[in-house]
Amino acid sequence: MGTSLVWLRDDLRLVDNPALHAACGRGGKVAVVYILDEQSTGIRPLGGATKWWLHKSLAALDLSLKAIGSTLVLRRGKAFDVVGDLVSEMKVEAVFWNRRYGSAERAIDGQIKAALTNQGLEVASFQANLLFEPWEIKTGSGTPYKVFTPFWRACTDRSEPRHPLPASSFINAVHADSDVLSSWSLLPKPDWAAGLSAEWAPGEGGAERRLAEFCDRGGAGYAVDRDKPAVEATSRLSPHLRFGEISPFRIWHAIRSVPGGAAVDLAVFRTELGWREFCWQLLYFHPHLAAVNYRRKFDAFQWQTPSPGELAAWQQGRTGYPLVDAGMRQLWQTGWMHNRIRMVVASFLVKNLLVDWRVGEQWFWDTLVDADAANNPANWQWVAGSGADAAPYFRVFNPVTQSRKFDPDGAYLRQFVAELAGLGPKAIHEPWKGPHSQDGNKKYPPPIVELAPSRERALDAYAALEDPL
DNA sequence: CCTGGAGTTGTCCTA
DNA sequence: TTAGGACAACTCCAG
């Protein structure tokens, strides 16, 4: 048997990696490759936080491969050219990869598949990163779903997702020249990633640890506690899923077999996996999800151009609203934000400040370690009301109400907004009120916008969209 | 083609 | 203090 090439992309793992599994099962030598492609058209450049993560994840994967007799081959360039080079350098006979779902990515993969097949190579792609292929889930009339609930019902009515494949225990490696990872300059200079390093362990080992911790908790209380940002109730698997360090099939079956897991908690957690599927299905059928309103009626929406100071206040967590600021600082420091707080800060930008959702989407793209091409734009559009199955326009989150409701003690606020550390659970949600604003939290800014009038302005703007003059 | 129930995550006002 | 209704209408989707 001749040499096989496994081209890894958003699937940086050994467990449940069908492409790798197929290559190893074929016999012969196997080369495992990652290509940094910044040249093919239509590929969105990685944000700063995901670059950092990618570097760490590739380093971790290389170590894992070395433990089983192989190594990770790193190449940079246009994927079409690089794959061609590798095929001739190593006299490759078969090429395997796991499918990706963005439109530019699919076009690239299709071209490469056609070219290699023409040369007489064996080429095979696999379902690895979504539980349900987007084109398989259709309504009774054959169209893609636009509403989550019937979509997920249709998914779960199908047969159970397959069980994960075991990791390969040995790879019969073939030598190939490789770039040195550091030459890709994925790590930030100057190094602002200390907070990320403290929080995360990129790579399959880190992903498996997060899953194990979540399973140890039994998912207990997830349905309720996942809404409390100060409680460690969510799985924190999102960045690992983003890079495919763990497969959704692995997660699906792992949580299914947790003893004592409450049915309601597991169902709610599975639903979150469902939203990920829904977002990718949306991107599959709407490739420009990050640029174009899903509901085109929103093309006429009159967004405000934020002043630089206003936008910076939001980005840097200086809006004067503790919950918004805590969230934005958590994002900046750790590369991640609690899900509920994402909704609050997004609602604040889009509705209270009337800033185009794309501005927020781009900031999240640059700063989130879990930013992916589907979930990030789909959820921003959901908040803005321009998306599929979106929030009704009159739903404007009140950051103070949300703060009282989901962080009643202010523990989350105190964790990320140091200026408020001295305030008690009563005063901390509205620091501009009360005597504290004169001394203890002197440095904490006053609100950049009033909630009630800005809410009214948003309702007017949305109403104008419904019923233009 | 028609029908009707349903639709992630909220807020505010009133009684 | 708390619970219920208004906030719009529209689109989706299964039967």
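A residue is called buried here if 20 or more other C-beta atoms lie within 10 Å of its own, exposed if 12 or fewer do, and partly exposed in between, with C-beta atoms placed from the backbone. The views below come from a predicted model, in which local features need pLDDT of at least 70, side-chain atom pairs count only at pLDDT 80 or more, and totals for chains, interfaces and linings use all residues. Residues are numbered from 1 along each chain as its sequence is written, while chains are lettered from A and ligands numbered from 1 in the order in which they are written.

**View 1. Chain A as a whole.** Let's start with the overall picture. Chain A contains 19 helices and five strands; these are DSSP runs, helices being H or I of at least four residues and strands E of at least two, numbered from the N terminus. Its radius of gyration is 23 Å, close to the 23 Å that the globule rule gives for 469 residues, so chain A is as compact as a globular protein of that length. That radius is taken over C-alpha atoms, and the globule rule is 2.2 Å times the number of residues to the power 0.38. Along the principal axes, the C-alpha atoms of chain A fill a box of roughly 75 × 50 × 45 Å. Of the 469 residues in chain A, 43% are buried.

**View 2. The five-stranded sheet.** Here the strands run in the order β3-β2-β1-β4-β5, forming an open sheet with parallel pairing. β3 (72-76) and β5 (122-126) stand at the edges with a single partner strand each, so one side of each is left without a neighbour in the sheet. From one strand to the next, the twist averages 25°; axes are lines fitted to C-alpha atoms, for helices over the stretch in contact, and angles run from 0 to 180 degrees between N-to-C directions. Two strands count as paired if DSSP finds at least two bridges between them. β2 (residues 30-36) and β3 are joined in the parallel sense by five bridges, and I35 stands opposite R75 in β3.

**View 3. Strand β1 and its two partners.** Six of the six residues of β1 (residues 3-8) are buried. S4 is a handy residue to look for: A94 in β4 stands opposite S4, and V30 is the bridge partner of S4 in β2.

**View 4. W7 in the nonpolar core.** A nonpolar core is a set of buried Ala, Val, Leu, Ile, Met, Phe, Trp, Tyr and Cys residues joined through C-beta atoms within 7 Å. The largest one has 114 residues, and those with the most contacts inside it are L5, V6, W7, V32 and V33. Leaving out residues up to four places away in sequence, W7 touches V33, I35, V83, V95 and W97; a contact requires C-beta atoms, placed from the backbone, to lie within 7 Å.

View 5. Helix α13 (residues 322-334) has 13 residues, which should span 18 Å at 1.5 Å a residue, and its end C-alpha atoms are 17 Å apart, which agrees. The expected span is 1.5 Å times one less than the number of residues. Among the buried residues of α13 are P322, L323, V324 and M328. The buried residues of α13 pack against α12 (308-316), α14 (339-352), α15 (357-367), α17 (399-406) and α18 (411-416). Just after α13, G335 takes a positive phi of about 80°.

**View 6. The loop between α5 and α6.** P164 sits in the loop between α5 (148-157) and α6 (194-199). P164 is buried, with 20 other C-beta atoms within 10 Å. Its contacts, not counting residues up to four places away in sequence, are V15, D16, S247, F249, R250 and H253. S185 lies in the loop between α5 and α6 and counts as exposed, with 10 C-beta neighbours inside 10 Å. Phi of S185 is near 50°, a positive value in a residue other than glycine. P190 is found in the loop between α5 and α6 as well, and the peptide bond from K189 to P190 is cis, with omega near 0°.

**View 7. D389 between two helices.** D389 lies in the loop between α16 (375-384) and α17. D389 is not a glycine, yet has a positive phi of about 55°. With 16 other C-beta atoms within 10 Å, D389 is partly exposed.

How values were computed:
Contact = placed C-beta atoms within 7 Å.
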